[in-house]
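Please open the model in your viewer and keep the selection panel at hand.

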Amino acid sequence: MLIADAATDWSWNPVADLRQMWAFPFMVNAFRAGAIVAVLAGVIGWYMVLRRQSFAGHTLSTVAFPGAAGATLLGVGAVYGYFTFCVGAALVIAAIPRAGGHESGHGSGGGEEAAVTGTIQAFLLGAGFLFIALYQGFLGGVDALLFGSFLGITTTQVEVLAAVGAAVLLVLAVVGRPLLFASVDPAVAAARGVPVRLLSTVFLVVLGAATAATSQITGALLVFALLVMPAATAQNLTARPVLGIAASVGIALAVTWTSLTVAYYSPYPIGFWVTTFAFAAYAASWGVRLLRERRGRAPGRGAVAAAGTPAWTSGSLL
Amino acid sequence: MTVLASGWPGALGHPFFLHAALAGAAIAAASGMVGYFLVLRAQVFTGDALSHMAFTGSLAALAAGVDLRLGLYAATIAVAVLLGTLSRSGRADDVAIGSVFAWITGLGAFFLTLYTTSGGADNAGAGVRVLFGSIFGLSAGQAGTAAAVAAGVCAVVLAVFRLLLFASVDEAVAAARGVPVRLLGFGFLALVGVTAAEASQAVGSLLLLGLLAAPAGTAQRLTDNPARAFALSTVLAVAEMWGGLTISYAVPKMPPSFAIVAVAAAVYAAAFAVGARRRNPGPRLARA
């Protein structure tokens, strides 16, 4: 908004435009942070979509909002709030549903688990609203917290982000293979001695950390877009894990950087552009998939997939 | 209503509180009933998606300069039907839902910017109002409309209760017996859309999920009998609504939407403590 007023218009000379945009340190930081966030979201999101935990992911991402609002109320850095709330909520979601004793194969499929998750989400969002109500005069910042802002990302923030990102990716590198196994077939994995429950908790905590990091850029309500859409796009294009994760990261990166550039030259918030570009990619991937299915695949399978079954349930994954 | 209120003692003596209590009760009853089926059918995520639609619909209507409720209802019902179409047999797939509503939320951010930058200071709080509701701001007319629509939702749910229960618990058998499962699925999603639009007027689009999921989850935790759980969910929702309104009246600093959701969450947590007792898999778990 402010920046768009100050900046010159897009001149259709990419080199000059980029140089002009990167003359601002905050824009360079935004691109760095965006790259870290995209890699994180791309990898974690791929597992999230595979595990059908979109709902948990969405809840963890909205929880970033009360985290930031609470931190502001207490007068500490928003980063602490983001991480405390996101990781805390991850632990709660991981702990509560199984207390009922019904193990559901799908993360968001069980009615009760979803009810708990939904209640946690609504309660924490409400708590965020309470914090804002208690902290007078904070109202202007609410939209930025919810819908993201690429302004004012400091070098320190980028460093924190990089550290978190490295830690998350390290954890995923360690548990990646068993997690894949446990996600695809929890029953067989458990029978083979894979600690399915522990992996599930670890995954939720890692997801929480990643959403906490990401929501600083895209805002609490739109983190989810970056988590789910590149991954869903990638899984539409390929069912192979390594290729899929790479595609997911690539798409997330392209979407984030394009959005940053467009948001810089337009008055609309970054969150809008991120979701729009990601959704365009997702829609295109459906087109590709349907085309592929029309050509050369067995008609029976094509019909099943067209009816809405995700790629990885109808094809072989490994 | 306003005249009637003047003679009443305490909180009910204020018209704004009376409006909120009346509209809130109707909205809560509808949410409790629809929420029961939402949890039973494992479609809470759909409700979540619709809550975001409610946000974007409202702001699109505001940006276009028409009545907020027009956008609210149009968006939630249209998207509910769209989600039904996207999926097999009226149960939407969660990755498709997630992708669609993430984009719609982004659109909401777009409309918010459009609206707040076009209208100056008056419009600045619009986003917060839509997201977190303002039940104490309901006029007599708005409260009456909200109550009437909510009553209509309740009537429809009660009318199809048996069929919908059958179709939700065992879809295959219900279909074999000639129950129009697909039609019921669509109809139910549309009903959820209407309820979401209703509830977002009370607690805001971000918090309506609490009103849909918490009473229903609590009820299903406490009893396995469908009819009893359904009734309990409805009663709990209304009681939680009134409890929240009362607390918010007593503690003015506390926004009503937070108080309502907090009471609902507290009751749910209490149900977990109580319900840690026997948990035999009832009919609803058999299908999973």
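Begin by selecting Cys154(B), which counts as buried because its relative accessibility is 12%, where buried means under 20% relative accessible area, taken with a 1.4 Å probe on protein chains only.

A word on the model: it is predicted, so local features need pLDDT of at least 70 and side-chain atom pairs count only at pLDDT 80 or more, while totals for chains, interfaces and linings use all residues. Residues are numbered from 1 along each chain as its sequence is written, chains are lettered from A and ligands numbered from 1 in the order in which they are written, and side-chain values use heavy atoms, with hydrogens and water left out.

Now show both chains together: 54 residues of chain A are in contact with 51 residues of chain B, contact meaning heavy atoms within 4.5 Å. Between chain A and chain B an area of about 4,500 Å² is buried, with carbon and sulfur atoms giving 75% of it; this is the accessible area (1.4 Å probe) that two parts lose on being put together, summed over both.

Then select helix H7 (111-134) of chain A, one of the elements that give two or more residues to the side touching chain B. H7(A) gives the most to that side, with 17 residues; helices and strands here are DSSP runs numbered from the N terminus, helices (H or I) having at least four residues and strands (E) at least two.

Notes: Buried < 20%, exposed > 50% of the residue type's maximum accessible area, 1.4 Å probe, protein only.
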